[in-house]
Amino acid sequence: MEIYVVQPNDNVDGIAAAFEVSVETVIYDNQLVYPYKLAVGQALYLPSGPETPAKVPLVSNGYAYPYISRWVLSQTLPYLSLLSVFSYGFTFEGELLFPALDDSWMIDMALDQGTSPILTLTPLGADGQFNNSLISSVVSNPEYTQTLIRQVLAAVLEKGYTGVDIDFEFILAEDRDLFTEFVRQMADALHSIGCTLSVALAPKTSADQPGLLYEGKDYPALGEIADYVLLMTYEWGYKYGPNMAVAPLNKVREVVEYAVSEIDPRKIHLGIPNYGYDWPLPFIRGVTVARTIGNVEAVQTAVRNHAVIHFDETAQSPYFRYTLDGTEHEVWFEDVRSLQAKFRLIKDYGLQGAGYWQLMRWWRANWLLLEDNFILVD
């Protein structure tokens, strides 16, 4: 494959001819929208170059809500080893809460495609936010712990899940060891019925990193217990934060370097964002709220507003600015260049997999590039 960056005066016909690819292929693979205008600086995936060398096995995972489009899921499943259904919750007493929408169709579709469905367990409160009081209540009470484990196993067996992913965030520092023990008990129970246990990890760069997001996660202990872990290497740029790359490679690399010092890299999955953000400027903390934007949508926004797409070499991330109705905006997103940099990181450190947050938007070029770089594990 080739990654081609659009230059001034380029058009689809000329690029297709230069790389000896059909116009239809360029349009289809890159999800271009009629009349197929391009943005200067836009990165195009072209299936025309030599085969990517040194393909290695990869476990590919993606999170999806039960309201995902059936068409999007059907298009994505051939590229997935695992499908993590988001999400199951629980009460303060450890009673399991099922998703508001039926997830059975997702499980059936995944199994039909040879993809393993994973139950994602989260401590989401009534407001939809992570609630560490829920975590404290369950992990500190043996009766509540056993209730939740028992009901999770029943749901796994009833629904046909092949594993559980524990995505607990903002764990209190004083609950760190209790959480680890909870994970150990859940893993033992799941292993007894032939299922897997994984844990989502906040992006730490040191063992003693301060902050509510980090202090409750014991990397070495959780890495030893879990069958695999997901590094949540995204959200440096986030909805309520300043305009910057969502997953800057220099920051992602720091997390990976710490993780492999504590956890077997053959158990580590690198988190990859399938989205970007559009910030109105100037950014004012506590006031500015960015709009979540798909990576294909980001390029269409640049085209529509005649914006030039730039590429930050340190962050290895694309970005652009545009003005709409008198307000300046800045957009950071992912493209095939930023993905290729992350795929290199996976290879360089010998990581087992990649985990996408999340699958709700279809991005064809991403999956084609993934398949070019890796031998996807069933």
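Is D102 buried, partly exposed or exposed? D102 is partly exposed, at 47% relative accessibility. This is a predicted model, and the protein in it has twelve helices and 17 strands. Its radius of gyration is 21 Å, close to the 21 Å from the globule rule for 378 residues, so the protein is as compact as a globular protein of that length.

**Overall form**
- Along the principal axes, the C-alpha atoms occupy a box of roughly 70 × 45 × 40 Å.
- Of the 378 residues, 56% are buried.
- Among contacts with a separation of 6 or more, 72% are between residues 24 or more positions apart.

**Surface and charge**
- The accessible surface is about 15,600 Å², and carbon and sulfur atoms contribute 51% of it.
- The protein carries 24 positive and 47 negative charges, whose mean positions lie 3 Å apart.

**Salt bridges**
- Eleven salt bridges are counted in the protein.
- D102 pairs with K159 at 3.8 Å, N to O.
- D103 belongs to the loop between β5 and α4, and K159, in helix α6, is 56 residues away.
- D103 and K159 are both buried, K159 with a relative accessible area of 19%.
- Through shared partners, D102, D103 and K159 form one salt-bridge network.
- Another salt bridge joins E334 and K342, with the closest N and O atoms 3.0 Å apart; both residues are buried.

Definitions and conventions
Residues numbered from 1 in each chain as written. Predicted model: local features only at pLDDT ≥ 70, side-chain atom pairs only at ≥ 80, totals over all residues. Heavy atoms only, no water. Helix = DSSP H or I, 4+ residues; strand = E, 2+ residues; numbered from the N terminus. Rg over C-alpha atoms; globule rule 2.2 N^0.38 Å. Buried < 20%, exposed > 50% of the residue type's maximum accessible area, 1.4 Å probe, protein only. Contact = heavy atoms within 4.5 Å. Areas by Shrake-Rupley, 256 points an atom, 1.4 Å probe, with all protein chains shown as cover. Lys, Arg positive; Asp, Glu negative; His and termini not counted. Charge placed at Lys NZ, Arg CZ, Asp CG, Glu CD. Salt bridge = Lys/Arg side-chain N within 4 Å of Asp/Glu carboxyl O.
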